[in-house]
Amino acid sequence: MDQFQSYLPPFEGLLPKWLVLVSVISAANSAQAYVSEAYTAQLYNGRFADGRPHTNAHSSRLFGTWTFLSAVIRFTAAYNMTNPVAYNLAAATFGIALLHFVGEWLVFGSAQLKGRFVSPLIVASGSLAWLLTQREAYLAL
């Protein structure tokens, strides 16, 4: 177990470890989005009036790329928690994700508040709040 822990970020608290976990899950979701558009269709679970999903193969790959970029930024921040640029970028990824998902739900109608769509809302809002409340502790401002 000690050998495994040596790979984790060298900072106190669970927030850096959480960022690593979310990054790994996001990278896996990215791969899934590239392999099949089914995952993205379940996430963006809204439908057009004729029953078609709002997603297609291109939008799925675009989502996968965007998610992987977020994963890289969050992973970098996890190992650089005292760097204000890395910390702020990680917080921004969650803020952007939250705005995106709320917009897709409430403005564009490409998602409904059910199923897989709920998880990114919880992760984005909870992680953003956590990063904002712990900012001073990690950045020693």
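How many aromatic pairs does the structure hold? The structure holds nine of them. Before I go on, please keep in mind that this is a predicted model.

Let me walk you through two of those pairs. A pair of aromatic rings is described by the distance of the centres and the angle of the planes. Take Tyr 39 and Phe 63: their ring centres are 6.3 Å apart and the planes make an angle of 40 degrees, a tilted arrangement.

Phe 101 belongs to helix 5, residues 84-106, while Phe 117 sits in the loop between helix 5 and helix 6 (118-139), so the pair ties together parts that are 16 residues apart in sequence. As for accessibility, Phe 101 has a relative accessible area of 5% and is buried. Phe 117 counts as buried too, at 0% relative accessibility.

One more ring deserves a mention, and here the partner is a charge. Where does the charged end of Arg 74 sit? The charged end of Arg 74 is placed over the ring of Phe 94, 3.8 Å from the ring centre.

On to the helices, then. The axes of helix 5 and helix 6 come within 9 Å and cross at roughly 155 degrees. Angles over 145 degrees count as roughly antiparallel, and helix 5 and helix 6 are therefore roughly antiparallel to each other. Their crossing is left-handed. What classes of residue make up the contact of helix 5 with helix 6? That contact has 19 nonpolar residues, five polar ones and one charged.

Finally, have a look at helix 2, residues 15-35, with helix 4. Their axes are 8 Å apart, and the two helices pack at an angle of about 160 degrees. That makes helix 2 roughly antiparallel to helix 4, and helix 2 passes helix 4 in a left-handed crossing.

How values were computed. Residues numbered from 1 in each chain as written. Predicted model: local features only at pLDDT ≥ 70, side-chain atom pairs only at ≥ 80, totals over all residues. Heavy atoms only, no water. Phe/Tyr/Trp six-rings, centres within 6.5 Å; stacked < 30°, edge-to-face > 60°. Helix = DSSP H or I, 4+ residues; strand = E, 2+ residues; numbered from the N terminus. Buried < 20%, exposed > 50% of the residue type's maximum accessible area, 1.4 Å probe, protein only. Lys NZ or Arg CZ within 6 Å of the ring centre and 35° of its normal. Axes fitted to C-alpha atoms, helices over the stretch in contact; angles between N-to-C directions. Parallel < 35°, antiparallel > 145°, perpendicular 65-115°, else oblique. Left-handed = near helix turned anticlockwise from the far one by under 90°. Nonpolar A, V, L, I, M, F, W, Y, C, P; charged D, E, K, R; others polar.
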